[in-house]
Structures are given as structure tokens and as C-alpha cells.
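This report describes selected features of the structure shown below. Please keep the sequence and the coordinates in view while reading.

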Amino acid sequence: MRNIVLTGFMGVGKSTVGELLAEELGMEFVDTDGVIETEHGPIADIVDQHGWAHFRELEQQLAAELSQREGLVIATGGGMMVDSQNAQCLEPVSDVIWLKASPEAIVARIVDAPEADPSKRPLLTEKNCEPAEVARRLLKLREPRYAKYPAVDTTSLTPAEVVAEIRRALSR
């Protein structure tokens with residue numbers, strides 16, 4: 001059974017939707033950021049202590065491991081499928097879906113929401129920059145890589161509606 005990979009920027013719903021999708025399809029759910037944090041500690045600490053290059057190496061190792069398994073719904077970190085090495089590992093054994101949302105929705109979900117913890121999002125905590133500005137800039141850089149996959153816009157959908165849209169996209 002092919003894996004299903006959910007890619008896209010942080011805050012688009014990959015983890016929330018991935019869990020629902022896996023449950024609905026009877027598949028195992030894997031959150032790549034969660035696996036890295038379980039094995040190596042908080043991402044913010046990894047980045048602070050070892051830098052982004054080390055974190056990206058951890059993602060590459062995990063992508064290689066996951067490519068050897070099947071029947072998974074994989075919620076990737078926002079930059080994981082932007083890396084061509086990770087994409088080359090996962091694309092042959094997976095159906096990849098791009099979850100996207102407007103920059104305003106992303107910031108509302110990961111910075112402005114009452115339960116949000118921006119400290120867990122080290123990419124958005126650049127000095128002297130507003131999170132929305134950082135999100136817009138990174139989205140502009142990443143969108144060409146994301147755009148090669150079928151997209152589901154999560155901006156105004158509930159998680160259940162996103163799952164239904166993913167299932168429709170996969171059936172095409």
C-alpha cells in the first residue's frame with residue numbers, strides 16, 4: 001500500500017488532518033517533526049544547538065527510513081519535501097498532497113490562536129521581523145516546490161472537509 005505524504009507550510013493542518021486521514025483509512029500516522037522531537041529533543045533546541053543543517057540531515061535520515069515502509073500517512077515538516085533528496089526518497093512510494101493556506105490563516109493558527117506557541121516555530125521567530133512577513137517570504141520561496149503536487153487549500157475548511165478533499169484528490 002502506497003504511503004500518503006502531506007506537505008506544505010507550517011500551520012496548514014498537516015498533523016491534524018494526517019491523524020484523521022490515517023484513522024479513516026486504517027493506516028499508521030507518522031508526524032516527522034514529532035518523530036525527530038521524540039528522538040532528538042525540541043526542534044528549537046536542535047536548531048539552537050546544532051543549526052538548521054543538522055536538523056535537515058535528521059529529516060533526510062527519517063525520509064530514507066520512511067521510504068522503506070508502506071501504509072503510512074506522513075505529515076512532514078514544512079521544509080521536508082522542499083529538499084530534493086527527501087522528495088526523491090518519498091515520491092516513488094507515496095502519493096504526495098500539498099496542503100496550503102493563506103499567509104493570514106497560517107499566522108492566525110500558529111501565532112495568534114490562544115493555544116499557539118510560537119516558540120515551537122523557530123523559523124518564524126527571526127529577530128526584527130513580524131511572523132507574517134517571515135511566513136510570506138518563506139511561502140514565496142517554497143511554493144514552486146510545493147506546487148508540483150496536487151493541492152488542497154485548507155484556509156476555510158474544517159479538518160474533516162480537508163480529509164474529504166484529500167480523498168477526492170487521491171481518487172483522481
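## Basis of the description

Helices, taken as H or I runs of at least four residues, and strands, taken as E runs of at least two, are DSSP runs numbered from the N terminus. The model under discussion is a predicted one.

Helix 4 comprises 15 residues, 52-66.

Seen from the side chains, the buried residues of helix 4 are Phe-55, Leu-58, Glu-59, Gln-60, Leu-62, Ala-63 and Leu-66.

Which residue forms a salt bridge with Glu-59? The partner is Arg-56, and the closest N and O atoms of the pair are 2.8 Å apart. Both residues belong to helix 4 and are separated by 3 residues, about one turn of the helix. An α-helix has 3.6 residues a turn, so residues three or four places apart point the same way.

Is Glu-59 buried or exposed? Its relative accessibility is 1%, and Glu-59 therefore counts as buried, the limit for that class being under 20%. Arg-56, by comparison, has 22% relative accessibility and so counts as partly exposed.

Across the whole structure, a search finds 7 salt bridges. One of them joins Asp-95 and Arg-2, with 3.3 Å between the closest N and O atoms. This pair links distant parts of the chain: Asp-95 lies in strand 4 (residues 94-100) and Arg-2 in the segment before strand 1, 93 residues apart. Asp-95 counts as partly exposed because its relative accessibility is 31%; Arg-2 is likewise classed as partly exposed, at 40%.

Arg-136 forms a salt bridge with Glu-104, the closest N and O atoms being 3.5 Å apart. Here too the pair connects distant parts of the chain, since Arg-136 is in helix 7 (residues 131-146) and Glu-104 is in helix 6 (residues 103-112), 32 residues apart. With a relative accessible area of 42%, Arg-136 is partly exposed. Glu-104 is also partly exposed, its relative accessible area being 49%, as the exposed class begins over 50%.

Definitions and conventions
Residues numbered from 1 in each chain as written. Predicted model: local features only at pLDDT ≥ 70, side-chain atom pairs only at ≥ 80, totals over all residues. Heavy atoms only, no water. Expected span 1.5 Å × (residues − 1). Buried < 20%, exposed > 50% of the residue type's maximum accessible area, 1.4 Å probe, protein only. Salt bridge = Lys/Arg side-chain N within 4 Å of Asp/Glu carboxyl O.
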